[in-house]
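Q: I'd like to go through a few helices in this one with you. Can we take them one at a time?

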Amino acid sequence: MENTSKFSLIVLFAVFAVVCGLRNEDVSNVETLPTVQTMGQPWPMPNMYETSNVVLTVDENSFQFQTAGTFDCAILTDAYKRYAKLTFGGYISNRKRPTSLKFRPEIRSDQPVQKLEVALEMPCDGKIYPTLQSQENYDLIVGPGTARIQAPEVWGALKGLETFSQIVYRLETGEFVVNETLIRDTPRFPHRGLLLDTSRHYIAKPLIFKTLDAMAQNKLNVFHWHIVDDQSFPYVSKMFPDLSRKGAFNSETHVYTPADVADVIEYARVRGIRVMAEFDTPGHTQSWGKGNPNFLTECYSKGQPTGTFGPVNPIQDGTYDFLAKFFKEVSETFPDHYIHLGGDEVSFNCWRSNPNISDFMVKMNFSSDYSKLEEFYMQKVLDIVGSLKRGYLVWQEVVDNGVKVREDTVVHVWKGGWQAEMARVTGLGYHTLLSSCWYLNLISYGSDWVNYYKCDPYAFNGTAAQKALIKGGEAAMWGEYVDNTNVISRTWPRASAVAERLWSRQTVVSVEKATPRLAEHRCRLIRRGFPAEEINGPGFCEEEYNRF
Amino acid sequence: MLSMRCVLLAFICSTSSYALPRTQSGDVNPYRNSGKTKGQPWPMPLSYKPTPTVIPVNDIDFQFVNLGVHCELLTDAYKRYADIIFGSRSRRSLKFKPDRDVAGDSTVSVLQVNAISGCHGGLSIDSDESYTLSISPGKALLTSNETWGAIKGLETFSQLIYQTSSGQYVVNATEVNDRPRFKHRGLLLDTSRHYLRKEYILQNLDAMAQNKFNVFHWHIVDDQSFPYFSQKFPDLSGKGAYNPETHVYTPADITDIVNYAWRRGIRVMVEFDTPGHTLSWGYGQAGLLTKCYKGGKFTGEYGPIDPTLNTTFPFLSQFFAEVAQVFPDHYIFLGGDEVGYDCWQSNPGITAFMKKMGFGDDYTKLEQYYMQKVLDIVSGLKKGYMVWQEVVDLAKVAEDTIVNVWRDKWQDEMARVTGMGYKTLLSNCWYLNYISYGPDWSTYYKCDPQDFPGTAQQKSLVLGGTTTMWGEYVDDTNLISRFWPRAAAVGERLWSDASVTDVGEAQLRIAEHRCRMVKRGFNAEELIGPGYCDVEY
């Protein structure tokens with residue numbers, strides 16, 4: 001297996017070399033062979049993963065998931081039902097490959113694995129939510145008769161269940177088996193996010209659920225919901241219903257009601273995923289203006305209003321009264337400690353054109369430095385959210401522009417030249433997230449996951465103390481060209497590459513070793529009902545996707 | 001064929017530029033799609049004259065009335081289009097009935113269809129696809145010479161009907177007089193790099209019909225796998241398919257696909273590409289491929305088909321005789337692209353044969369020798385054939401051969417090939433498997449197959465073109481979303497008049513067309529930018 005994958009990699013590099021070097025050369029002699037897949041290996045790679053050649057049978061009909069010890073809860077028992085299906089379901093029933101001469105391991109059927117026991121060290125009942133501080137570590141031991149998960153918190157146990165479901169596999173005979181295995185696992189980074197943008201295109205709730213399922217299966221733990229932006233305002237505010245009534249693409253069909261939002265949060269919660277909403281201001285707010293007159297800056301040309309609007313108008317009290325009420329509602333709607341406050345790409349043109357803002361600038365002694373006005377605005381917003389006892393994240397521009405923010409602010413780096421920026425931001429002592437190299441919406445032909453996989457958030461010049469400030473990162477799926485038709489196939493399994501980078505040890509870097517494991521992982525996602533697209537080249541899955 | 005060409009450059013050679021703004025917006029923010037048309041056709045008919053007169057359409061018991069030939073092909077199409085236009089019957093009966101926005105006796109309750117001939121006629125490259133459609137208050141009439149034109153006209157009719165904001169079905173009084181610019185409007189699927197299950201092939205045929213494509217070019221086998229189940233040589237798929245049980249096309253599957261296509265006016269042209277691109281043939285047909293040598297020893301690897309063995313051509317004769325029966329279309333696509341000579345050069349048996357034939361070191365002569373024999377076999381079966389451009393770059397072929405141009409510098413090649421008097425198809429600018437960020441449809445839209453230096457006589461040899469979806473990175477998970485509606489841009493280029501080139505106008509129509517496809521159940525992806533469809537996927 002190792003040899004074959006090495007071979008296909010060599011082929012891959014040969015193609016790259018030829019293609020890069022000789023634009024018009026024919027590359028017909030280089031054939032891509034079908035990608036090799038592992039069997040029963042986990043993605044992302046656990047922190048410590050030891051597996052032996054002893055193969056134990058698993059009887060899918062009598063297998064039990066059960067809680068051992070004192071702590072039990074609905075999160076666990078629901079997960080057992082889910083993972084019974086994920087572990088054994090989705091296989092095609094008729095499998096006969098009589099001609100196959102593949103290596104057949106020695107199988108021990110005398111002591112089949114009959115159950116998976118889960119033991120927690122802390123209670124998990126009640127409406128508990130995962131947080132940035134949650135412990136996600138677990139141990140998983142698979143031996144004759146029994147498999148066991150030991151975890152401090154239920155969030156770790158969920159990760160262990162996922163891993164268990166991945167290491168069980170089916171032989172060509174149809175038997176389920178699992179290798180004797182010892183796993184001690186813990187994530188490298190506590191914040192492993194995926195951003196979906198529901199403003200450029202509306203994403204229907206069932207597809208958000210499906211995304212959350214896929215996230216859980218890749219051990220991602222933060223759903224960064226870029227819920228509104230210039231193009232539309234699908235968030236239904238109880239206090240300000242006109243925002244979506246006038247700002248959504250369609251106020252009936254293209255909105256997230258309070259019930260929808262609650263459903264998404266609950267669906268995520270029981271899978272150990274935090275839902276972090278982003279309400280990006282003062283730019284990216286065109287859609288807010290429709291349902292909230294006077295909120296945006298009126299742009300002027302030659303002393304006359306042009307009828308167009310710019311960023312949030314930062315010079316009137318009404319703005320902050322509104323934002324205080326609005327963010328209070330947001331903080332009550334989204335239980336996560338963090339709210340993402342945006343702050344990116346603020347264009348100063350409209351502010352500059354507006355005579356009232358010019359007066360204000362003079363009054364405040366900002367002279368013509370509009371970044372001071374931005375700071376003035378951001379500071380007020382941060383204070384509002386801070387007073388709600390919430391933490392906040394901001395895009396990098398906020399600190400780039402010199403806005404002083406609270407110490408515990410998390411800064412989200414997204415622009416090019418991210419290494420210098422990470423060094424700078426961590427040098428200032430801020431907690432930091434990386435997204436720059438994981439813009440999955442920017443597609444290209446071929447196996448681009450390799451680029452995502454190779455990007456390491458520590459790959460910048462900084463002290464150990466600076467590195468320690470990195471909380472992780474996020475894959476981003478901005479919505480300009482993404483909607484219900486392609487959100488799953490475009491995100492998965494490309495986001496899996498990011499997930500392994502954020503979960504696994506820094507030393508897990510071999511593309512060659514990852515390729516067959518990712519190929520298995522993609523087929524597993526397909527078997528579980530996701531249209532996860534091909535990323536390695538020609539090949540097949542035993543169970544292909546079928547929506548029909 | 002060609003998978004890995006230089007379009008790859010963009011991502012491999014520059015890996016680290018992430019300077020794009022988050023929004024792609026710059027200073028001018030395209031907050032929403034600039035708009036969509038309502039009830040306008042895609043591709044644009046030759047003559048399309050809508051009027052402002054809005055006529056209600058009776059969606060409760062709409063009827064298609066046959067004035068011309070009676071045949072199952074048409075009655076089947078009526079049922080299909082009733083569902084396409086108004087939703088399936090079960091959905092219809094449950095639906096909220098809105099108040100009428102547009103009232104009066106002008107309601108259109110019937111489409112009269114007068115197809116003069118063609119019920120039992122075969123579908124060919126010379127089929128008449130023209131039709132006229134006349135919609136006025138109280139009356140709608142579709143006329144065509146052949147049923148194939150009526151099928152196209154039904155599609156157009158279905159596109160002209162739209163719903164008002166309250167849900168009422170209406171149509172503008174309109175006169176359409178339509179026929180295609182090119183006879184061969186093809187779309188290629190590759191079922192070797194990845195297997196595509198029958199359901200997706202059928203869905204893709206529906207999408208083709210909706211975009212007035214008329215040839216499904218089925219690149220059915222290649223190096224990577226051999227999913228075609230041959231009755232005479234079952235080992236080919238038995239050993240060459242990814243999985244001989246689940247990843248194959250049985251004769252029954254193929255019949256289903258051919259019939260499904262036929263009922264939509266689509267020909268199925270199969271490709272069996274030789275002598276290169278044949279690794280998967282070797283598993284089930286020992287002795288077919290060339291053994292590659294190194295240092296005087298067989299390396300265990302195989303190259304193209306071995307043209308020097310006396311078993312090769314008897315096998316191909318039997319094989320193509322079967323293919324000719326399984327696939328009723330007149331044309332078989334014989335491939336002939338990208339033949340690598342390294343393995344041939346290494347093989348001592350071939351070296352001896354070269355000497356015997358007096359070919360010297362010129363392996364193109366060996367390729368020509370092979371192709372000529374294959375072409376003769378297929379001619380003997382009374383079939384026509386098409387080939388990739390390399391074949392005529394090297395060999396002399398029968399006059400009626402159709403040459404498919406796929407490589408770069410296509411204008412020069414089109415000039416050359418038509419200059420030699422061959423009929424020609426273009427694919428080069430329509431490789432839809434190559435993806436990039438942003439709206440790429442307009443580049444497909446702007447590519448005109450007659451845009452090369454040549455005489456009117458040469459231009460007239462251009463029969464059309466084929467848009468391709470090579471399968472390296474495409475399977476059931478993303479086939480439809482990756483192909484549609486980007487292929488619609490090619491659909492219009494091949495159908496509509498050469499003068500239809502206004503991208504701005506087309507954008508409004510293709511935006512409607514995408515949403516129409518989404519409403520009809522295709523996960524046709526966004527191709528313009530932020531926006532929405534009233535009915536999302």
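Q: What span should the 15 residues of α2(B) have, and what do the end C-alpha atoms give?
A: This is a predicted model, and in it the 15 residues of α2(B), at 1.5 Å a residue, should span 21 Å, which agrees with the 21 Å between its end C-alpha atoms.

Q: Which residues of α2(B) are buried?
A: The buried residues of α2(B) are Leu73(B), Leu74(B), Asp76(B), Ala77(B), Tyr78(B), Arg80(B), Tyr81(B), Ala82(B), Ile85(B) and Phe86(B). Just past the helix, Gly87(B) has a positive phi of about 85°.

Q: How do the axes of α2(B) and α4(B) cross?
A: The axes of α2(B), residues 72-86, and α4(B), residues 147-160, come within 10 Å and cross at roughly 10°. Since angles under 35 degrees count as roughly parallel, that makes α2(B) roughly parallel to α4(B).

Q: And which residues meet there?
A: From α2(B), the contact includes Leu73(B), Ala77(B), Tyr81(B) and Ile84(B), and from α4(B) it includes Trp148(B), Ile151(B), Leu154(B) and Phe157(B). By class, the contact between the two helices has 12 nonpolar, 2 polar and 2 charged residues.

Q: Staying in α4(B), is Lys152(B) buried or exposed?
A: Lys152(B), which is found in helix α4 of chain B, counts as buried because its relative accessibility is 3%, where the cut-off for buried is under 20%.

Q: What does Lys152(B) touch, then?
A: Not counting residues up to four places away in sequence, Lys152(B) touches Glu129(B), Tyr131(B), Arg185(B), Lys212(B), Arg264(B), Gly265(B) and Trp495(B).

Q: What about Gln159(B), buried or exposed?
A: Gln159(B) also lies in helix α4 of chain B, and at 0% relative accessibility Gln159(B) counts as buried. Leaving aside neighbours within four places in sequence, Gln159(B) is in contact with Gly39(B), Gln40(B), Pro41(B), Trp42(B), Gln210(B), His513(B), Arg516(B) and Arg520(B).

Q: How far is the C-alpha atom of Gln159(B) from that of Glu512(B)?
A: Those C-alpha atoms are separated by 9.8 Å, although Gln159(B) and Glu512(B) are 353 residues apart along the chain.

Q: Switching to α12(B), where do the buried residues sit around the axis?
A: The buried residues of α12(B) are Tyr363(B), Leu366(B), Glu367(B), Tyr370(B), Met371(B), Val374(B), Leu375(B), Ile377(B) and Val378(B). They cover an arc of only 165° around the axis, which puts them on the same side of α12(B).

Q: Why would residues three or four places apart point the same way?
A: An α-helix has 3.6 residues a turn, so residues with that spacing point the same way.

Q: And what follows α12(B)?
A: Lys382(B) follows α12(B), with a positive phi near 60°.

Definitions and conventions: Residues are numbered from 1 along each chain as its sequence is written. Chains are lettered from A and ligands numbered from 1 in the order in which they are written. This is a predicted model: local features need pLDDT of at least 70, side-chain atom pairs count only at pLDDT 80 or more; totals for chains, interfaces and linings use all residues. Side-chain values use heavy atoms; hydrogens and water are left out. Axes are lines fitted to C-alpha atoms, for helices over the stretch in contact, and angles run from 0 to 180 degrees between N-to-C directions. Helices (H or I, at least four residues) and strands (E, at least two) are DSSP runs, numbered from the N terminus. Angles under 35 degrees count as roughly parallel, over 145 as roughly antiparallel, 65 to 115 as roughly perpendicular and the rest as oblique. Contact means heavy atoms within 4.5 Å. Ala, Val, Leu, Ile, Met, Phe, Trp, Tyr, Cys and Pro count as nonpolar, Asp, Glu, Lys and Arg as charged, and the others, Gly among them, as polar. Buried means under 20% relative accessible area, exposed over 50%, partly exposed in between (1.4 Å probe, protein chains only). The arc is that of the directions from the helix axis to the C-beta atoms. The expected span of a helix is 1.5 Å times one less than its number of residues.
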